[in-house]
Amino acid sequence: MKNKKFVGTVMAPAMLHMFVFIVIPIVIGLVISFFNYNPLSSDNKFIGLENFVRLVQDADFRKALLNTLLFVLITVTLNIGIALVVAQMISWFKSNKVRSFFRMVFFLPCVAPMVATSVARSIFPTTTGFLNVALNKIGIDSINWLGDPKVVMISLIIYTIWVDVGYNVILFSAGIDGIPSYVYEAADLDGASEWVKFRKITWPLLGRSFQFVIVQTLISHFQMFAQFAVLILKDGPQNSGLVLSRYIYKMAFEYKDMGYASAVSLVLFVIIMTLSLIEQKKSAVDWEY
C-alpha cells in the first residue's frame, strides 16, 4: 500500500502536466475543428465536417502532406543510418576521453537553437556558401539551394540531418556501451570480424534503443517547424518547402482560420499516432543479455 501511494504521489505531477498541456489541447483542437472559428470574430458557426471536406479539396494541403511524408521518410532513414554508423565507429576507440570528444562534436549542433542556426545558414548562400564553394573547387557550377524548387527540400534535409543527427548518435552510443564486453570478447575468441560482430551482436542487442530512437525521431521530424519558417522564404518557390507544421501555423496565425488549422492538426496527430503505434508493435523486442 505504501509503495502504491509513493508511486501515485510521484506520478501525479506528470499526469497532471500531461492532462493540462496535452489531453485538454487535443480535445479543444478536436472541438474547434468542427467550427468556422476565428478568434477575432464573434460569429463562430458550427459547420460539422466541412473543414475535413475542405482538406480533401485543398491542393496546398495535399502538397504539404506529400512534402511532409517525403521529408520524414528521407530524414528519419538517413538520420538513423548515419547515427548508427557514427556511434559504431566511436565505439571502436578504446579511450573514454576520445569517445566523449567525438560525441561532443556530433552533439554540438543539437545544443544551438534551431532558429539561430537557420538564420546563420552559412552553408547555403549561392556565392559564399560552403556547399557551393566546395562544388566550385571541383568544377561544378553553384546551385541555388534555397531558390530552386527542385533543390529546396534537399537543402532542408541536409540541414535537418546536420542539426539533429547528434542526438541519436548519443542514444546509440549509450546503447552500444551498455552491451556487456564479454559478449564481444567471446566473439573475438571465435575470430569474428567487425561486420559479423555488428550484425550478430550489436544490431540485435540494440533492439530497445532502435525502438526508442525510431519513434522519437518520427515524432520529432513530423513536428519540425523552425527551418521551414526561417530557412526558406514564403515556403519556397511553388510551395516546394511547405509542410504540415508550417501550413498549420499559416492557417491559424496568418489567416486566423483556427477551425481549419485544427482540422489539419488533427490529421497530423492521427498520422503521428498511427505510425508510432505501428512502429512500437512491429519493433517489439524481448531479449536479455
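Predicted model: local features only at pLDDT ≥ 70, side-chain atom pairs only at ≥ 80, totals over all residues.
Local features need pLDDT of at least 70 and side-chain atom pairs count only at pLDDT 80 or more, while totals for chains, interfaces and linings use all residues. Residues are numbered from 1 along each chain as its sequence is written, and side-chain values use heavy atoms, with hydrogens and water left out.

Start with the core, meaning a set of buried Ala, Val, Leu, Ile, Met, Phe, Trp, Tyr and Cys residues joined through side-chain atoms within 4.5 Å. Buried here is under 20% relative accessible area, exposed is over 50%, and partly exposed lies in between (1.4 Å probe, protein chains only). The largest nonpolar core has 59 residues, and Phe172, Tyr247 and Val264 touch the most other members. Elements giving two or more residues to this core include α3 (59–91), α7 (152–177), α10 (207–222), α12 (244–254) and α13 (258–282); helices are DSSP runs (H or I, at least four residues) numbered from the N terminus. Leaving aside residues up to four places away in sequence, Val264 touches Leu55, Phe61, Leu244, Tyr247 and Ile248, where a contact is heavy atoms within 4.5 Å.

Next comes the helix pair. The axes of α3 and α10 come within 10 Å and cross at roughly 145°; axes are lines fitted to C-alpha atoms over the stretch in contact, with angles from 0 to 180 degrees between N-to-C directions. Among the residues making this contact are Phe71, Val72 and Asn79 of α3, along with Phe210, Ile214 and His221 of α10. The contact residues split into 11 nonpolar, 5 polar and no charged (nonpolar covers Ala, Val, Leu, Ile, Met, Phe, Trp, Tyr, Cys and Pro; charged covers Asp, Glu, Lys and Arg; the others, Gly among them, are polar).

On to the charges. The model has 7 salt bridges, each a side-chain nitrogen of Lys or Arg within 4 Å of a carboxyl oxygen of Asp or Glu. Asp257 pairs with Arg54, the closest N and O atoms being 2.7 Å apart. That pair ties the loop between α12 and α13 to helix α2, 203 residues apart. Asp257 counts as buried because its relative accessible area is 14%, whereas Arg54, at 33%, is partly exposed.

Asp235 bridges to Lys250, also with closest N and O atoms 2.7 Å apart. Asp235 is buried at 2% relative accessibility, and so is Lys250 at 12%. Shared partners join Asp235, Arg246, Lys250 and Glu254 into one salt-bridge network. Within it, Arg246 sits in helix α12 and is buried at 10%.
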